Amino acid sequence: MATVELSFTALPAHVRTARLVATAVARRSGVDESLLDEVRLAVGEACSRAVEGHQLFCPAEPVRLALTDLAGRFQVEVTDTCSPDARWRGGAGGPVGTGITGSVPAGLGIAVIESLADDVQINETSAGTSIRMSWPSAGATS
Amino acid sequence: MDLKLDHHTKDGIEIVDVEGEIDVYTAPRLRELLIELVNSRFYQLVVNMEKVEFLDSTGLGVLVGGLKRVRAHDGSLDLVCTQERILKIFRITGLTKVFGIHDTVDDAIAARRAEK
């Protein structure tokens, strides 16, 4: 079971909240201060990507964020429920020129995530896509 | 914090001061400002990011979009940034080769003048 689970309406305004929660739980889980910026950015990228996908294809469905304090690892999983037909590898957006801001090359967000977390798994199923990433942690602080 | 935007002209170059977080929520406002400036025929831009606390790929997309727009008018878009955590995303994405990134606004202006 995740340490903290968050489910939020697919609105850009909530991505900041997701980042703040993830960073706070990461700190509480003993992730080194020097890695917190990476956690914050990677979670933001994954949530932005999910929100843009939901806004285009399934705006009524929530985006899910699970934060888990494992033994020696802090794990984050961001799950979207975009249909397989809508599957993409957007970079905080879909193909160039689409999405909320446009001009973001496809896959840039994923590329950023992969460079920030040393363990990234992207699982695409008929139900949607989940991005699981983790960082070393020292365990929860009291 | 949210995003604060301001701009002023210095030595014939439009300086855009950005403060706060540039993400999927706030980036559209920066994009609108850059479009507005280009539509007002400001083609030499310097975006001062010294007070930016967070930048993601959405924000990068807006900056790249701004660069494309000014270059269509033979203009320029330089950045001012010394914060390591912001510079890191430019390095990760290889955009340090695309943007001129300077330590101060005066350095950015001087570099632009030197290229003319």
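Q: Okay, two strands pair if DSSP finds at least two bridges between them. With that settled, which residue is the bridge partner of B:V47 in strand 4 of chain B?
A: That would be B:L79. A word on the model first: it is predicted, so to speak of a local feature I need pLDDT of at least 70, side-chain atom pairs count only at pLDDT 80 or more, and totals for chains, interfaces and linings use all residues. Residues are numbered from 1 along each chain as its sequence is written, and chains are lettered from A and ligands numbered from 1 in the order in which they are written.

Q: And how do you number helices and strands?
A: They are DSSP runs numbered from the N terminus: H or I with at least four residues for helices, E with at least two for strands.

Q: How do strands 3 and 4 of chain B run, parallel or antiparallel?
A: Parallel, with 5 bridges joining them. They belong to an open sheet of 5 strands in the order 1-2-3-4-5, and its pairing is mixed. Strand 1 (3-10) and strand 5 (101-102) of chain B are at the edges, each with a single partner strand, so one side of each has no neighbour in the sheet.

Q: What packs on that sheet?
A: Helix 1 of chain B does, touching strand 1, strand 2 (13-22) and strand 3 of chain B. Contact here means C-beta atoms, placed from the backbone, within 7 Å. The direction of helix 1 makes about 20 degrees with that of strand 1 of chain B. Axes are lines fitted to C-alpha atoms, for helices over the stretch in contact, and angles run from 0 to 180 degrees between N-to-C directions.

Q: Switching to helix 2 of chain B: how many of its residues are buried?
A: 12 of the 15, so helix 2 of chain B is largely enclosed by the rest of the structure. Buried means 20 or more other C-beta atoms within 10 Å of the residue's own, exposed means 12 or fewer, and partly exposed is in between, with C-beta atoms placed from the backbone. Among the buried ones are B:L60, B:V62, B:L63 and B:R69. Helix 2 of chain B reaches 21 Å from its first C-alpha to its last, close to the 21 Å expected. The expected span is 1.5 Å times one less than the number of residues.

Q: How many residues does each chain put into the contact between them?
A: Chain B gives 18 residues and chain A gives 22. On the chain B side, helix 2 of chain B supplies the largest share, 6 residues. By class, that side has 8 nonpolar, 5 polar and 5 charged residues. Ala, Val, Leu, Ile, Met, Phe, Trp, Tyr, Cys and Pro count as nonpolar, Asp, Glu, Lys and Arg as charged, and the others, Gly among them, as polar.

Q: Are they buried or exposed?
A: B:R41 counts as exposed because it has 9 C-beta neighbours inside 10 Å. B:D74 also counts as exposed, with 8.

Q: Now chain A. What is the strand order in its sheet?
A: It is 1-2-3-5-4, an open sheet of 5 strands with antiparallel pairing. Strand 1 (4-8) and strand 4 of chain A are the edge strands, each pairing on one side only.

Q: Which residues are paired with A:S134 in strand 5?
A: A:D119 stands opposite A:S134, and A:Q75 also has A:S134 as its bridge partner. Strand 3 (residues 73-79) and strand 5 (residues 128-136) of chain A pair over 7 bridges. Strand 4 (residues 119-125) of chain A is joined to strand 5 by 7 bridges too, and a hairpin links strands 4 and 5 of chain A through 2 residues.

Q: Last one: which residues touch the most other members in the largest nonpolar core?
A: A:A22, A:A42, A:C47, A:I113 and B:V47, out of 63 residues. Such a core is a set of buried Ala, Val, Leu, Ile, Met, Phe, Trp, Tyr and Cys residues joined through C-beta atoms within 7 Å. Helix 2 (residues 33-57) of chain A gives the largest share, 8 residues. Leaving aside neighbours within four places in sequence, A:A42 is in contact with A:I113, A:L116, A:A117 and A:M133.

Key: Contact = placed C-beta atoms within 7 Å.
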